[in-house]
Amino acid sequence: MNPELLQRLRAQFGWPTADSTPVENTQPGCAEPLTLLGAPADYRAIEEGRLGAYDIGLIGAPMDLGVTNRPGARFGPRALRAIERVGPFHHLHKIEPMRRRRVADLGDAPMRSRYDLNLCHADLETTFAALAAAGCRPLTVGGDHSITLPILKALGRDAPLALIHFDAHCDTEGPIDGKKFHHGGPFREAVLAGVLDPERTIQIGIRGAAEPCWEFSYASGMTVLHMEDVDALGVDGVVARARAVVGDAPVYVSFDVDVLDPSVTPGTGTPEAGGLSARQAIAALTGLAGLNVIGGDVVEVAPAYDPSISTALTAAQMLFEILCLMTLAPDQPAKA
Ligand SMILES: [Mn+2]
């Protein structure tokens, strides 16, 4: 080894150094409240009308009355709050979102009845409309995918939104059992409600036996990328298509963890073999930097089906990736 290099490294990095400062306790204690991505907690901001204090609000929507198959996504927010050490720094974007924007975990959206899907949706729309009116952009943890419909209704009131949708399923099916507000159809209902622009919508990672259910995606002009398209295009090609479809429109990013292969995220209601790797999903999300991302969600984490923490850990990473996109969105004010 070069003795001069060793001398220099010892001078710069040896311990203790001349300017060593006393050690401070920076570790969170075990009694600290658990929050999404470790954001500061403000669990009463909604009811006390403090939403204007934040640029971006992390929020839970613990509701799974819309599932067609395995329940349990109501525990998604709880599972993600138990994940530590995702963020705060993103090494590719070279940002720390919580230093650039005013971010808080706002707790869970209030819902009056655990027994009534339609009432839950109405309450969610009220909460997200309040966030929108306060200029606080929402980043939500579900809950089943039906929660995205009231969110889009709240955020797309003035003008229909663009959408980048990661999922194994298009979620554009019609009524099931005589009901249309289930987790298999939020994006159909959002288009029909006039809050989502299908021609500025791209759905990525589609696969499985439900293909005949997705007629509405094609009829309305959505761009649908199946897993074989992802294979053919590669991540860079997928990113290019998404950017072309969305343009500079205000865009919502919805991430259903079942887009990932069940080897990564087994803890979900409707797993489908042959999905994206976590690496592909992170690379795709990273590639969307600079788009005008005005909100997002990570949904369908049902932790009871995953005795490891892989599903929640991976979902928290996706949440952080979307937080970075929202932080980098061009028309956001800088942190005061
Ligand atoms: Mn879905």
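Which residues touch the most other members of the largest nonpolar core?

## The core

They are Leu80, Val251, Ala316, Leu319, Ile322 and Leu325, out of 96 residues in that core. A nonpolar core here is a set of buried Ala, Val, Leu, Ile, Met, Phe, Trp, Tyr and Cys residues joined through C-beta atoms within 7 Å. Buried means that 20 or more other C-beta atoms lie within 10 Å of a residue's own, with C-beta atoms placed from the backbone.

Now zoom in on Leu319. Skipping neighbours within four places in sequence, Leu319 is in contact (C-beta atoms, placed from the backbone, within 7 Å) with Leu36, Leu37, Leu80, Leu139, Val141 and Val298.

## About the model

This is a predicted model: local features need pLDDT of at least 70, side-chain atom pairs count only at pLDDT 80 or more, and totals for chains, interfaces and linings use all residues. Residues are numbered from 1 along each chain as its sequence is written.

## Helix α9 and its partners

Helix α9 covers residues 278-286, and its buried residues are Ala281, Ala284 and Leu285. Looking down the axis of α9, these fall within an arc of 95° (taken from the directions from the helix axis to the C-beta atoms), so they line one face of the helix. They pack against β4 (161-166), α8 (227-246) and α10 (310-328).

Where α8 meets α9, Val235, Val238 and Val239 of α8 face Gln280, Ala283 and Ala284 of α9.

Terms used. Buried ≥ 20, exposed ≤ 12 C-beta atoms within 10 Å, placed from the backbone. Helix = DSSP H or I, 4+ residues; strand = E, 2+ residues; numbered from the N terminus. Contact = placed C-beta atoms within 7 Å.
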